Amino acid sequence: MKNNNEVPPILAIKLNPNFICEPCALCGNVFRPDGELDLFLDGTEKLVCEKCGEKFAPLLVALQELSLEQREELFRRVEA
């Protein structure tokens, strides 16, 4: 059972030029990051998977997804 006094981890969206499979800093599951904009433990270079992001910072995950969608839309417009 989780202790209610535990402070949830602070996450951040950062640029990530790597597409290397790595273990999540929170759950340890190995995953392939999206690259470009990914979730990290704040103040570190430790990646966090989307599942843990949804658990601890769902609004940050929504912002990450929105920014990626907008970036893709911008590229579509530039290519047209």
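Helices (H or I, at least four residues) and strands (E, at least two) are DSSP runs, numbered from the N terminus. This is a predicted model, where local features need pLDDT of at least 70, side-chain atom pairs count only at pLDDT 80 or more, and totals for chains, interfaces and linings use all residues. Residues are numbered from 1 along each chain as its sequence is written, and side-chain values use heavy atoms, with hydrogens and water left out.

Q: In what order do the elements of the protein run from the N terminus on?
A: Let's start with the inventory: the protein has 2 helices and 4 strands. Read from the N terminus on, they come as β-β-β-β-α-α.

Q: Which elements do the buried residues of α2 pack against?
A: Buried means under 20% relative accessible area, exposed over 50%, and partly exposed in between (1.4 Å probe, protein chains only). In α2 the buried residues are Val61, Gln64 and Leu68. Looking down the axis, they fall within an arc of 60° (taken from the directions from the helix axis to the C-beta atoms), so they line one face of the helix. That buried set packs against β1 (11–16), β4 (36–41) and α1 (50–56).

Q: Which side chain of opposite charge is nearest to Asp38?
A: Asp38 sits in strand β4. It's buried yet has no salt bridge, meaning a side-chain nitrogen of Lys or Arg within 4 Å of a carboxyl oxygen of Asp or Glu. Lys and Arg count as positive and Asp and Glu as negative, while His and the chain ends are not counted.

Q: How many residues apart are Glu36 and Arg71?
A: Side chains of opposite charge can pair when their charged atoms come close. Glu36 and Arg71 do meet in a salt bridge (3.2 Å, N to O). The pair links distant parts of the chain, with Glu36 in strand β4, Arg71 in helix α2, and a separation of 35 residues.

Terms used:
Contact means heavy atoms within 4.5 Å.
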